[in-house]
Amino acid sequence: MACSSFVKLNAASSSWIAGHHSVNHRTGSAERFPTRRVSVIRAGSYTDELVKTAKSIASPGRGILAIDESNATCGKRLGSIGLDNTETNRQAYRQLLLTTPGLGDYISGAILFEETFTSPLQMETRQGLVPLPGSNNESWCQGLDGLASRSAEYYKQGARFAKWRTVVSIPCGPSALAVKEAAWGLARYAAISQDNGLVPIVEPEILLDGDHPIERTLVVAEQVWSEVFYYLAENNVTFEGILLKPSMVTPGAEHKEKASPDTIANYTLTMLRRRVPPAVPGIMFLSGGQSEVEATLNLNAMNQSPNPWHVSFSYARALQNTVLKTWQGRPENIEAAQKSLLVRAKANSLAQLGKYSAEGESEEAKKGMFVKGYTY
């Protein structure tokens with residue numbers, strides 16, 4: 001289970017509210033006319049607050065800054081600019097991001113790793129991917145044990161949403177077992193989070209790895225989200241108090257033909273309309289190794305006409321790549337790095353409103369960031 005922190009930025013004051021990041025099987029029936037199932041939706045003590053928080057995050061022109069990378073992954077990024085992976089350097093970089101003046105105009109929340117949450121700003125809840133026995137060399141996300149007590153503590157510390165990320169690999173199948181395990185884990189996490197006052201961000205990432213066409217990604221995405229919502233309903237999760245963090249429907253990164261933003265938007269919105277109830281307030285896309293410009297162009301294409309949900313972003317590398325290279329670990333570069341973060345945040349804010357243009361974008365922002373077998 002992945003643990004994230006939520007920090008809400010007030011657009012007027014850019015003040016932060018901290019948050020936290022986190023990760024009955026179906027039975028057959030021999031009846032020709034099975035009895036009608038009645039779903040009971042809990043009216044928990046936090047329901048009104050959960051709905052309010054979710055709507056606040058999914059506000060017009062704003063999205064999420066994802067900085068919930070593990071220390072090991074953060075170390076790889078620091079290493080790319082010649083810095084050692086030390087707590088001091090990690091804190092310096094995360095502080096640079098979180099203290100950017102005016103960021104709240106474009107960013108409504110931040111997903112944080114536990115080290116950041118507890119020292120003292122924010123937190124992430126999953127405990128990592130491990131091999132799934134009986135699968136096609138696939139993984140599942142652990143962390144449900146003790147999640148309730150951890151979530152309650154994060155709420156006390158100021159967290160108001162959480163995130164659980166698990167992954168699905170198309171080259172590995174995906175197997176029915178892996179899809180079911182991913183969906184069940186996400187649903188249990190979501191129910192536990194809501195019981196403890198945290199809006200769950202639900203993230204079954206369909207990895208870009210592979211040479212498959214976009215049509216294959218669509219089939220798998222529909223399969224995954226069908227299972228996810230089945231189990232969310234089974235666990236009595238309040239749909240108005242969740243957010244989704246899906247992958248865009250794209251061809252595999254090694255496919256011979258690259259899809260246009262309009263094609264990606266068409267396939268992605270087709271999947272969402274078929275699988276996601278309009279009660280869900282926000283769809284906060286991950287970038288998954290796309291270039292900064294690609295992720296923004298694709299989001300913009302999805303917002304050219306009204307959608308039933310707030311269609312926005314929850315980007316990590318697609319907001320931070322240029323920032324990191326501008327900073328270079330030097331104090332004298334902090335202001336310039338923060339300005340580059342604002343450029344990317346504003347670009348995606350415009351894309352959420354369907355008003356983005358790639359005119360004037362740098363060559364650096366157009367470079368793809370896909371890494372085969374990438375891990376957090």
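A crossing of two helices is right-handed if the near helix is turned clockwise from the far one by less than a right angle. In this predicted model, helix 3 passes helix 10 in such a right-handed crossing.

**Helix 10 and its neighbours**

Two packed helices are described by the angle between their axes and the distance between the axes. For helix 3, which spans residues 87-98, and helix 10, the axes come within 12 Å and cross at roughly 120°. Angles of 65 to 115 degrees count as roughly perpendicular and those over 145 as roughly antiparallel, and helix 3 and helix 10 are therefore oblique to each other.

| Helix pair | Axes come within | Crossing angle, roughly |
|---|---|---|
| Helix 3 and helix 10 | 12 Å | 120° |
| Helix 10 and helix 11 | 8 Å | 160° |

Because angles over 145 degrees count as roughly antiparallel, helix 10 and helix 11 fall into that class. The crossing in which helix 10 passes helix 11 is right-handed.

How much of helix 10 is buried? The count is 9 of its 11 residues, so helix 10 is largely enclosed by the rest of the structure. The buried set consists of Arg317, Ala318, Leu319, Gln320, Asn321, Thr322, Val323, Leu324 and Trp327.

Within helix 3 lies Arg90. This residue has a relative accessible area of 8%; since buried means under 20%, Arg90 is buried. Between Arg90 and Cys74 the separation is 16 residues in sequence, and their C-alpha atoms are 7.1 Å apart in space.

**Backbone geometry in the loops**

Most residues other than glycine have a negative phi, and most peptide bonds are trans. The following sites depart from these patterns.

Helix 10 is followed by Gln328, whose phi is positive. Gln328 is not a glycine, yet its phi is about 60°. The residue belongs to the loop between helix 10 (317-327) and helix 11 (334-352). With a relative accessible area of 31%, Gln328 is partly exposed.

Asn236 likewise has a positive phi, about 55°, although it is not a glycine. Its place is the loop that runs between helix 7 (214-234) and strand 9 (243-244). Asn236 has a relative accessible area of 23% and is partly exposed.

The peptide bond between Gly173 and Pro174 is cis, with omega about -10°. Pro174 is part of the loop between strand 7 (161-168) and helix 6 (176-195).

**The second largest pocket**

The second largest pocket holds about 370 Å³ of space. Its lining comprises 20 residues, and those nearest the centre are Thr250, Pro251, Lys258, Gln290 and Glu294.

Which helices each supply at least two residues of this lining? They are helix 8 (261-275) and helix 9 (292-302). The largest share, 3 residues, comes from helix 9. By residue class, the lining of the second largest pocket divides into 9 nonpolar, 8 polar and 3 charged residues.

**Summary**

Helix 10 is largely enclosed by the rest of the structure, is oblique to helix 3 and is roughly antiparallel to helix 11. The loop between helix 10 and helix 11 contains Gln328, a residue other than glycine with a positive phi.

How values were computed: Residues are numbered from 1 along each chain as its sequence is written. This is a predicted model: local features need pLDDT of at least 70, side-chain atom pairs count only at pLDDT 80 or more; totals for chains, interfaces and linings use all residues. Side-chain values use heavy atoms; hydrogens and water are left out. Helices (H or I, at least four residues) and strands (E, at least two) are DSSP runs, numbered from the N terminus. Buried means under 20% relative accessible area, exposed over 50%, partly exposed in between (1.4 Å probe, protein chains only). On a 1 Å grid over the protein atoms alone, a cavity is a set of points where a 1.4 Å probe fits but cannot get out, and a pocket is an open set with protein on both sides within 12 Å along at least five of seven lines; lining residues have an atom within 4 Å of a point. Grid points are joined across faces, edges and corners, and a volume is the space filled by probe spheres set on the points. Ala, Val, Leu, Ile, Met, Phe, Trp, Tyr, Cys and Pro count as nonpolar, Asp, Glu, Lys and Arg as charged, and the others, Gly among them, as polar. Axes are lines fitted to C-alpha atoms, for helices over the stretch in contact, and angles run from 0 to 180 degrees between N-to-C directions. Angles under 35 degrees count as roughly parallel, over 145 as roughly antiparallel, 65 to 115 as roughly perpendicular and the rest as oblique.
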